[in-house]
Amino acid sequence: MSTAAVTDKRPSTLRAASLPKWTPWAIAAGSVALGIGISAAAGLSSKIQWGLIAAVLFVLGTYGIAARVEGRRQAKDRVATSFVWVAFVVAVIPLVSLIWVTIARGVKVLDVYFLTHSMGVVADTEPGGGIYHAIIGSLEQVGLATAIGAPIGVLTAIYLVEYGRGRLAKAVTFFVDVMTGIPSIVAGLFILSLMLIFEMQPFGFAGSLALAILMMPVVVRSTEEMLKLVPNELREASLALGVPKWRTILKVVLPTSIGGITTGIMLAVARIAGETAPVLLLVFGNPFINNNPFEGAQASLPLYIYQQFANSAGSGAAYDRAWAASLTLIAFVMILNLVARGIARWKAPKTGR
Amino acid sequence: MDISTTTDVPPPTPQPTVAQRKRNARGATRPGDRIFLGLTRGSGILLLVIMAAIAAFLTYRAILAINKDHGNFLTTFEWNTNILPPTFGIAVLAFGTIVSSVIAMVIAVPIAVAIALFITHYAPRRMSGPVAYVIDLLAAVPSIVYGLWGALVLVPHMNGLFGWLNDFFGWTGLFSWDEGAPRSMLTVGILLAIMILPIITNVSREVFRQVPQMHEEAALALGATRWEVIRMSVLPFGRSGVISASMLGLGRALGETMAVATVLSPSFDIQASLLNPGGGTFAQNIASKFSEANEFGRDALIASGLILFVITLLVNGAARLIIARRAEYSGANA
């Protein structure tokens with residue numbers, strides 16, 4: 001039908017002339033081939049340029065061909081479509097590369113030895129050593145930060161959703177928004193200014209405090225969203241039975257939304273587990289195992305990665321360790337994410353919608 | 001369990017007096033209620049106190065440093081805090097921070113919006129879920145890993161692109177290249193763009209999802225192509241969302257530390273070309289100068305951090321204002 005319409009100019013059908021379905025693929029293949037041809041002929045070495053040329057050819061080709069057959073508007077539509085697809089592909093390339101490189105280079109030295117030994121007697125430029133001390137430091141700092149940040153965040157969210165009216169609530173909402181945007185290094189500098197005033201040396205808990213500051217607004221935001229999802233009927237039913245408001249919140253509202261709240265907290269934990277800057281300023285790093293977060297410098301996984309990179313002096317061993325630590329960190333963060341999502345799906349509030 | 005069931009059911013209490021009933025209606029009169037309200041309000045106030053404390057303590061330490069600054073804090077092209085008299089200024093840092101963030105935004109915003117459209121409007125249904133999921137997970141990749149990848153993988157790959165830009169656009173001055181290692185502002189901007197892409201995508205996607213079906217169907221019924229539907233109903237509806245998403249991304253780009261610190265090879269001068277290494281950003285400067293700084297040097301770094309703090313506050317505040325004003329008169333609430 002459509003091919004007939006192309007040759008027959010009379011408006012015999014309601015459908016306008018249109019290109020066959022395989023056209024985008026054909027143009028894509030053609031432009032990639034042409035792009036490779038041009039690049040090879042011009043002797044361009046970088047594959048980024050090859051890709052860019054192919055992408056430009058694809059967009060131009062699509063517009064040209066579609067404008068001739070289908071008209072301007074359809075051509076614009078096709079260009080928009082191809083731009084969206086190209087954008088998607090362009091964005092996926094670095095992301096795939098990141099994951100691929102981290103895994104490929106990370107598995108080189110990642111083994112049980114690596115996970116259970118510290119860098120205590122190993123120079124940064126030599127092979128050997130591990131991340132045990134960094135894992136301990138990370139777990140302690142993030143654990144303490146969560147113990148501080150999560151309750152405060154959840155309570156604030158409860159205040160905003162269940163009680164919050166008037167100027168105070170508005171101010172809190174606004175500053176939670178603003179706080180979300182605080183760069184992590186500024187939170188670190190804030191604790192640092194306190195440490196300078198009290199003349200303290202770096203220790204793990206100081207890092208936890210900065211991480212807690214970064215965590216609170218994230219927890220408040222996500223918890224707020226979850227509490228808002230709890231249907232008002234549940235609250236009203238409970239209140240109508242004479243249950244005090246605080247018991248209604250604790251026994252009805254929170255259990256209903258606990259899945260979402262847990263998810264939000266875990267995502268916040270995943271976020272602060274990867275923070276380097278405040279840890280660099282406040283915890284300082286330490287190649288030895290230090291189990292006490294309240295005294296003496298500690299290590300942490302992200303800081304370990306940075307220091308291996310910065311102190312490597314170009315040594316392959318240090319880069320290998322940095323990649324392996326990155327893989328460990330990514331695995332930790334991803335597992336947290338997956339578990340959080342699992343909980344969210346499993347415990348999703350049944351709102352009846 | 002036991003306790004809760006017994007206490008949940010109130011015993012047949014004597015009829016409350018009118019005054020009691022009035023108080024109950026207002027709530028927060030029982031001791032439990034009062035304690036709970038106090039707790040929750042207290043943590044809300046604690047958040048405000050923390051914000052105020054951040055501003056206050058940073059300002060206090062910053063003033064200590066700036067008072068002893070031999071140069072002009074705003075215009076000096078130098079960062080020497082360990083010598084006497086100390087001379088330091090933030091001109092280079094402010095310039096570098098703005099340039100790298102602008103590059104990141106120019107690259108990231110269109111691509112992120114396109115990906116958000118891809119997920120909501122273009123991708124085959126079976127594909128859109130996994131794609132959104134992958135982008136979600138990528139938002140969770142720690143910045144130090146991006147930094148490591150940027151320094152060891154992206155930088156070597158930039159040589160070709162830089163040579164190309166130099167060949168074709170070198171005459172503009174903006175893209176001239178002295179063949180140095182490509183640890184420059186443009187590389188930083190590209191890396192930042194990759195890092196803020198997931199945030200902008202996720203927020204825009206949520207907004208595009210909420211576009212009323214009716215608006216789109218009305219446009220389609222009038223014979224609009226898919227692009228026209230998007231231009232006429234999706235983008236206008238989502239504009240404030242996209243702006244706020246971009247602001248969030250900008251906030252992250254401004255304050256990003258580790259990725260810049262690993263990729264950029266810093267210097268205290270302003271490079272006219274985006275391809276030549278040099279310059280610096282607030283956060284990067286703090287991270288790289290910190291280990292060699294004495295106590296005064298740390299105060300100086302805190303002073304530069306204060307400026308960064310103020311800038312991010314302004315950006316975030318502006319974003320909130322835009323959103324609030326848009327929400328009032330947009331017809332989208334229907």
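This briefing walks through a predicted model with chains A and B. Residues are numbered from 1 along each chain as its sequence is written, while chains are lettered from A and ligands numbered from 1 in the order in which they are written. Because the model is predicted, local features need pLDDT of at least 70 and side-chain atom pairs count only at pLDDT 80 or more, whereas totals for chains, interfaces and linings use all residues.

**Database annotations**

- UniProt, in an unreviewed entry, places the feature "domain: ABC transmembrane type-1" at residues 135-340 of chain A.
- That span of chain A is 79% helix and 0% strand, and its end C-alpha atoms lie 21 Å apart.
- Helices (H or I, at least four residues) and strands (E, at least two) are DSSP runs, numbered from the N terminus.
- In chain B, an unreviewed UniProt entry gives "domain: ABC transmembrane type-1" at residues 94-319.
- Residues 94-319 of chain B are 77% helix and 0% strand, with 20 Å between the end C-alpha atoms.
- UniProt (unreviewed entry) also lists "transmembrane region" in chain B at residues 44-66, 86-119, 131-155, 184-204 and 300-323.
- Residues 184-204 of chain B are 95% helix and 0% strand, and their end C-alpha atoms are 30 Å apart.
- Residues 300-323 of chain B are 100% helix and 0% strand, and their end C-alpha atoms are 35 Å apart.
- UniProt positions use the numbering used here, feature names are shortened, and annotations may be inferred rather than shown by experiment.

**Chain B as a whole**

- Chain B has twelve helices and two strands.
- Read from the N terminus, its elements run α-α-α-β-β-α-α-α-α-α-α-α-α-α.
- Of the 334 residues in chain B, 45% are buried.
- A residue is buried if 20 or more other C-beta atoms lie within 10 Å of its own, exposed if 12 or fewer, and partly exposed in between; C-beta atoms are placed from the backbone.
- Take contacts in chain B between residues at least 6 apart in sequence: 73% of them join residues at least 24 apart.
- Two residues are in contact if their C-beta atoms, placed from the backbone, lie within 7 Å.

**Where chains A and B meet**

- The contact takes 78 residues from chain A and 74 residues from chain B.
- On the chain A side, helix α4 (residues 72-106) gives the most, with 18 residues.
- By class, the side of chain A that touches chain B has 55 nonpolar, 16 polar and seven charged residues.
- Ala, Val, Leu, Ile, Met, Phe, Trp, Tyr, Cys and Pro count as nonpolar, Asp, Glu, Lys and Arg as charged, and the others, Gly among them, as polar.

**The two domains of chain A**

- Chain A is divided into domain 1 (2-106) and domain 2 (116-346), with bounds from an automatic or database domain assignment.
- The centres of these two domains of chain A, taken over C-alpha atoms, are 43 Å apart.
- Four residues of domain 1 of chain A are in contact with six residues of domain 2 of chain A.
- The domain 1 side of this contact in chain A has one nonpolar, two polar and one charged residue.

**A helix pair in chain A**

- Two packed helices are described by the angle between their axes and the distance between the axes.
- Helix α10 (residues 232-240) and helix α11 (residues 245-273) of chain A have axes that come within 10 Å and cross at roughly 145°.
- Axes are lines fitted to C-alpha atoms, for helices over the stretch in contact, and angles run from 0 to 180 degrees between N-to-C directions.
- From α10(A), the contact uses A:Leu234, A:Arg235, A:Ser238 and A:Leu239.
- From α11(A), it uses A:Lys245, A:Thr248, A:Val252, A:Val253 and A:Thr256.
- The contact of α10(A) with α11(A) has four nonpolar, three polar and two charged residues.

- A:Tyr63 sits in helix α3 (residues 47-69) of chain A.
- A:Tyr63 is partly exposed, because 17 other C-beta atoms lie within 10 Å.
- Leaving out residues up to four places away in sequence, A:Tyr63 touches A:Ala75 and A:Val79.
- The C-alpha atoms of A:Tyr63 and A:Val79 are 5.8 Å apart, though 16 residues separate the two along the chain.
- A:Glu199 is in the loop between α8 (184-197) and α9 (204-229) of chain A, and its phi is near 50°, a positive value in a residue other than glycine.
- A:Glu199 counts as exposed because it has 7 C-beta neighbours inside 10 Å.
- A:Phe284 lies in the loop between α12 (277-282) and α13 (301-310) of chain A, and its phi, also positive in a residue other than glycine, is near 75°.
- A:Phe284 is buried, because 21 other C-beta atoms lie within 10 Å.
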